[in-house]
Amino acid sequence: MTVVVGTAGHIDHGKTTLLQALTGIDADRLPEERRRGMTIDVGYAHLRLADGAELDFVDVPGHDRLVGNMLVGAGEIDAAMLVVAADDGARAQTIEHLELLDALGIEDGVAVVTKIDAVATDRVAEVVEQTAHLLGRTRLAGARVVAVSATRGDGLPELLVELARLREQLVASGLPSGPARLAIDRVFSVKGRGAVVTGTLRGDAGVSRGDTLRLLPGGREVRVREVQVHGETVERATVGRTALNLAGVDAVDLHRGMVLTADPAVGATDRILVALRPAARLSGERASLPADRAHVRVHVGTEQAGATIGRSRRDSTELPGDEVSAILRLERPVALARGDRFVLRRPSPTGTLAGGRVIDVEPPRGVARRRMTPERLTALAAVAAIDASDAARLDLHGALVDARVRLAPDVAAGLTAAILAEIDGTPAGRRLADLRSLAASDLRRKVRLSNNDAREAAADAIDALVAAGALSRIGDMVRQAGVAPAGPPPALLAAMDRLVAALDVLAPPSLAEAARVTGCPPEGIRALEAERRIVRLDDDLAYAAVTYAALEERATMLATAAPLTPSAFRDATGTSRKYVMAILEDLDRRGVLRRTPDGHVVGPRAAAVGTGGHR
C-alpha cells in the first residue's frame, strides 16, 4: 500500500532538489520550471524503500502567488514533509504552508532542514529548534526534524529511516478504505489512446482495467481502458499515484478538480453542511471564523470554488473540539463526500481563514430545516462510523430516500399516530386511497419528501398497522380492528348479484351497460371489486371472477403447450380480438404470462396465481 507525502515550504528552500536526491526523479516537469529553476505547478516522484514498500511524493510550489497550486497537491496527501533551508530559516511561505497543512488536518509528517552544508553547525541547530517550535503550534507537533544536505548526501540515510517509520505509522493507523475515488490533478491526451488523467487514488477496493467509474460533476460513466502506476501498466491499482486511460470521454471534457469514483457516497453538490475550525495563526493573533454571508474560496481535493458562508440561526452551532457548524453555498457543484477536509481562503487580501470537514453533502432544506437543532448537529458531527453517521443523518433530516423511504423514529411514530387518529375519527372507516393521501399530507408538513415518496411511506405505515392487527382492511376500506363493516342494503345486494350474473360470460357487455341494465350503482361495483367477485380489466371491461379464473387457467394451459398467439386464444375461447387482447395484456402485466416475439409463454407467477388471485 502506497503512502502519499506532500512537500511544503518557502520558495528556493530546496524541496525539488531534496526529492531528486531521494528518488532520482526531477519533479519539475514543465519546461518553464526547468528554465527558471522554480516549481510552478505540482510535480510528482516516487521512492522504493529498502523493504520494498513505496512512497509517492507530491512536490508543491513555494511561491506566495501559487498557493492555489500548492493546495491542489496538499489536498490529497497522507503526510507532509516540511522543508526549511538552514541559511534562510522559516520564511513567509513556510508559515503559510504550515497553516494550510494544519487547516487540512494533516497530523503526520517530518520536517527537513536543508542546505546544512552552507552554514555553520550552530546555525543548523538554531533552525532545527525554530522549526520544531513552529511544528509544536500545529497538528504536526512532535514530528521529527532531520537536518540534511541534498547535494552532499549528509542526513539522507536518517531521513530515509524516518520516512519508512512514517509510512509504517500511517499504514498501522489505517488509510482510507472503501470504493475507488480519484481526484483529477492532470489531464492530457495520448495520440491513438485518448484521454489520460492522473491523481491520487483512494479506497482499498482499487481500480482495474475494464472498470466503469462515475465522472463527477456530471454523472457520466466512463470505462477504464488502461491503468498505470509509476509509468508501468498494471491490471489493478490500489492506493497512491495513478494514471488512467479513459474510454467514453474526451480530454476537453475533463479538468482538474473533477472526481472519478465508484463510491455512491460521493456526489456533486453546491450546498454542504460543514464543521469549521479557525486556522492556526503562527504569526499574529488567532484567526476568527468568517462571518455569515462572507465570500470565501474553498479548496478541497484538487478543486477550488467560490462560496458563501451561512452561519445564521439554525446553521451555526458550537461543536466540540473548537468547531462551529455552517452551511457553505458553492458557486457551482463540486464532487464531495462526508468527511472530506477543506481549506477556506480569503479572496482578497489573500489569507487562510479556516479549515473544515464536510458533515453532510445534502443538508436539510425547506421544512426539514426545523430539525437542525444543536443536539442533532452535534450528534452528526461527532460520529465517524458510516452506520452511526447514517442514523444521525436520518435523525437530522427526519426522512431519507435511497432504495426506499426511511423515517426517523419520531417521524415514524408521528405518522402512525396520525393514521390511527384519522381512523378513530371515522368509525365507518376510510377508503385506502384517501387515508394514504391524508397521511402523506401530514408527513410532508414535517419532513421534506416528494408527494410520491410521502405516499409510499404512508402506504408502508398503513400496511404495518394492518399486519400488526391495529387496523383491518377489507378491499379498499380501512377500519379500526374489530369493527365490522355495515353490510349493503338488500336492494343493493340484489343489484350486485344481477351484475355478477351479467358478467358471467366469455364476451361480457360493457361495464357501464351491464350496470345500467342490472341497476347496480357505483358503490355496488366498488364493493364487488373489493370482495373480488368481479375482475376489472379497464374502465369499461369486467368479468365475473369465476369466469375470468377459467379464462386465465385456459390461457395458461395453452401457453404451456406452445407460445400462445392472440388468434389462437381467440379461436379457443370463441371471443373477439377486443376481449383477447385485454386478457393477454392483464396476464402479461401480472406475470402469469410473458410476451415473446413468438407469442405469450408461461410467466414467473403462473404457478402462484389461480382463482381469486387477481389484484
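Visitor: Where does aspartate 322 sit?
Guide: Aspartate 322 is in the loop between E19 and strand E20 (323-336). Strands (E, at least two residues) and helices (H or I, at least four) are DSSP runs, numbered from the N terminus. This is a predicted model, in which local features need pLDDT of at least 70, side-chain atom pairs count only at pLDDT 80 or more, and totals for chains, interfaces and linings use all residues. Residues are numbered from 1 along each chain as its sequence is written, and side-chain values use heavy atoms, with hydrogens and water left out.

Visitor: What is phi at aspartate 322?
Guide: Phi is near 65°, a positive value in a residue other than glycine.

Visitor: Switching to prolines. What kind of peptide bond joins leucine 216 and proline 217?
Guide: That bond is cis, with omega about -5°. Proline 217 falls in the loop between strand E10 (212-216) and strand E11 (220-229).

Visitor: What about serine 348 to proline 349?
Guide: The peptide bond there is cis, with omega near -10°. Proline 349 belongs to the loop between strand E21 (341-346) and strand E22 (351-360).

Visitor: Which helix holds proline 409?
Guide: Proline 409 is in helix H9 (residues 409-424). Its relative accessibility of 63% counts as exposed.

Visitor: Where is serine 450?
Guide: Serine 450 is in the loop between helix H10 (432-444) and helix H11 (451-467). Its relative accessible area is 35%, so serine 450 is partly exposed. Serine 450 and alanine 440, 10 residues apart in sequence, have a C-alpha to C-alpha distance of 9.5 Å.

Visitor: Now helix packing. At what angle do H12 and H14 pack?
Guide: Helix H12 (residues 490-502) and helix H14 (residues 522-530) pack at about 65°, and their axes are 10 Å apart. That makes the two helices, H12 and H14, roughly perpendicular. Angles under 35 degrees count as roughly parallel, over 145 as roughly antiparallel, 65 to 115 as roughly perpendicular and the rest as oblique.

Visitor: Which residues in H12 and H14 meet?
Guide: From H12, Leu492, Met496, Leu499 and Val500 meet Glu523, Gly524, Ile525, Ala527 and Leu528 of H14. Contact means heavy atoms within 4.5 Å.

Visitor: And H12 with H13, how far apart are the axes?
Guide: The axes of H12 and helix H13 (residues 511-518) are 9 Å apart, and the packing angle is about 135°. H12 and H13 are therefore oblique to each other. Axes are lines fitted to C-alpha atoms, for helices over the stretch in contact, and angles run from 0 to 180 degrees between N-to-C directions.

Visitor: Which residues meet there?
Guide: On the H12 side they are Ala495, Arg498, Leu499 and Ala502. On the H13 side they are Leu511, Ala514, Ala515 and Thr518.

Methods
Buried < 20%, exposed > 50% of the residue type's maximum accessible area, 1.4 Å probe, protein only.
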